[in-house]
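Dear colleague,

I am handing over a structure that is new to you, with the sequence and the model placed just below. Please look through both before reading my notes, which follow directly after them.

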Amino acid sequence: MSPPSPRGERTIFFPLHMSLKPAAIPMMDCGKALARSGELLIDVTKNLDLYGGGLSAAGAEVRNAGDSVAQAAASARFKAGMEIVIDELRESGTCLKAASEKLGRALEEAKQDEQEQLAEAIDSMIKPMAACGVLLEEAGYTVLRREAPSVTGEKLSGAGALLSELSAVIPLLKQGDGDAELCSQRMAFAAEKLSEAGDQLCGVQKPKSGKSWLKGGGL
């Protein structure tokens, strides 16, 4: 289990000879989209008349996780910012693990209210949310341990896959709800961008589309 990363405590920083700059832009896009998905998840709870319970608390933690990913991205372009990257990646993971715990509370609330469909949807979100948090924490530790960027990239890509899994479940919280659909879309976009950030660090490049590809432009 990863040790806690409380706010206000900064990791001791040593110069790191690795660059996360290629991942900065997709990580920023991920962070913004993830934060927005958290806000929308809170809105879903209002539509379910469950505002203030475990599910809305989970949404707040997802929003905080997105903010931390965006903070990490803002510093990833600079070697001097690696200390912040480490702390914010770990913090984002801590937030998602807390969101998983809040989902556990939401599951009990749904069972007490005999909302079986809602309970089933929430239950399917608990494990991937926690696992995603663990991978983001581990991504921060790979930077701290000065491991190769590709190792960090693998963690980010794995976290992206789990976010994609979560995004597919969210519409089931309240079928036909516009906020649930939008929340799912934002989280799916966050997942795509986090996986893209991981691919960038692993050296995976996708062929360019459009005229440059047709003309034989470089990757």
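Axes here are lines fitted to C-alpha atoms, for helices over the stretch in contact, and angles run from 0 to 180 degrees between N-to-C directions; helices are DSSP runs (H or I, at least four residues), numbered from the N terminus. H5 passes H6 in a left-handed crossing, that is, with the near helix turned anticlockwise from the far one by less than a right angle. The residues of this contact divide into 14 nonpolar, 10 polar and two charged, where Ala, Val, Leu, Ile, Met, Phe, Trp, Tyr, Cys and Pro count as nonpolar, Asp, Glu, Lys and Arg as charged, and the others, Gly among them, as polar.

This is a predicted model, in which local features need pLDDT of at least 70 and side-chain atom pairs count only at pLDDT 80 or more, while totals for chains, interfaces and linings use all residues. Residues are numbered from 1 along each chain as its sequence is written, and side-chain values use heavy atoms, leaving out hydrogens and water.

The crossing of H4 past H5 is left-handed, and their contact holds 17 nonpolar, four polar and three charged residues.

H6, in turn, packs with H1 (residues 24–47) at about 160°, the axes being 8 Å apart, so that H1 is roughly antiparallel to H6. H1 passes H6 in a left-handed crossing, with 16 nonpolar, two polar and seven charged residues in the contact.

As for confidence, the chain averages a pLDDT (the predictor's confidence in each residue, from 0 to 100) of 88, and 85% of the residues score at least 70. Over residues 8–17, however, the pLDDT is below 50, and it stays under 50 over residues 209–219. Where pLDDT is low, the predicted coordinates should not be read in detail.

Methods: Helix = DSSP H or I, 4+ residues; strand = E, 2+ residues; numbered from the N terminus. Contact = heavy atoms within 4.5 Å. Parallel < 35°, antiparallel > 145°, perpendicular 65-115°, else oblique.
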